[in-house]
Amino acid sequence: EKEIYQRIKDGASFAEMAKQYSAHASAKMGGDMGYVHRGMLPDQLQEKIDQSRIGEVTEPFRILEGIAMYRVDERSEAKLQDFAAVAQRAEDLLKRERSEQAWKDAIARLRAAAKIEILVPLSGAEGRAVTQ
């Protein structure tokens, strides 16, 4: 990753390096992720991008998916969207949130009502039950 970063600093095309070395879905588009609004990226990554100047490539850093480098090409002012433009997305997010909560609640109810025994081997074939 340091070698790729140095090649970009020395004038290699960011887009060509992304196409050649990136495993991200944006690689085929030269690393172009389009406009990314606040909340779409992990906080650690958002902080680095917020501190970056236009055209500057971040030094390589570790994220959950691997090693990342970013370049901010353009910033635009945050603006509120008309409700009609975001209504479907808002509805989808609400449904997903409610679905995830329903699963968590169902699992919690099942665990609370269940008698769970975990067999822990003492030695060889015999075991003892541990009840939770």
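This is a predicted model: local features need pLDDT of at least 70, side-chain atom pairs count only at pLDDT 80 or more; totals for chains, interfaces and linings use all residues.
Residues are numbered from 1 along each chain as its sequence is written, and side-chain values use heavy atoms, leaving out hydrogens and water.

**The helix pair**
- Helix 1 (residues 2-9) packs on helix 2 (residues 14-21) at about 155 degrees, with the axes 9 Å apart.
- That angle makes the two roughly antiparallel (over 145 degrees).
- Ile4, Arg7 and Ile8 of helix 1 meet Phe14, Met17 and Tyr21 of helix 2 (contact is heavy atoms within 4.5 Å).
- Sorted by type, the residues of this contact are five nonpolar, no polar and one charged.

**The cores**
- Leu41, Leu45, Ile49, Phe61, Ile63, Ala68, Tyr70 and Val72 form the largest nonpolar core, eight residues in total (buried nonpolar residues joined through side-chain atoms within 4.5 Å; buried is under 20% relative accessible area).
- Helix 3 (43-51) and strand 1 (61-63) each give at least two residues to this core.
- Another core, of seven residues, lies apart from it and includes Ile4, Ile8, Phe14 and Met17.

**Thr58**
- Look for Thr58 in the loop between helix 3 and strand 1.
- Thr58 is buried, at 9% relative accessible area.
- Beyond its neighbours within four places in sequence, Thr58 touches Tyr5, Ser52, Met69 and Tyr70.

Terms used:
Axes are lines fitted to C-alpha atoms, for helices over the stretch in contact, and angles run from 0 to 180 degrees between N-to-C directions. Helices (H or I, at least four residues) and strands (E, at least two) are DSSP runs, numbered from the N terminus. Angles under 35 degrees count as roughly parallel, over 145 as roughly antiparallel, 65 to 115 as roughly perpendicular and the rest as oblique. Ala, Val, Leu, Ile, Met, Phe, Trp, Tyr, Cys and Pro count as nonpolar, Asp, Glu, Lys and Arg as charged, and the others, Gly among them, as polar. Buried means under 20% relative accessible area, exposed over 50%, partly exposed in between (1.4 Å probe, protein chains only).
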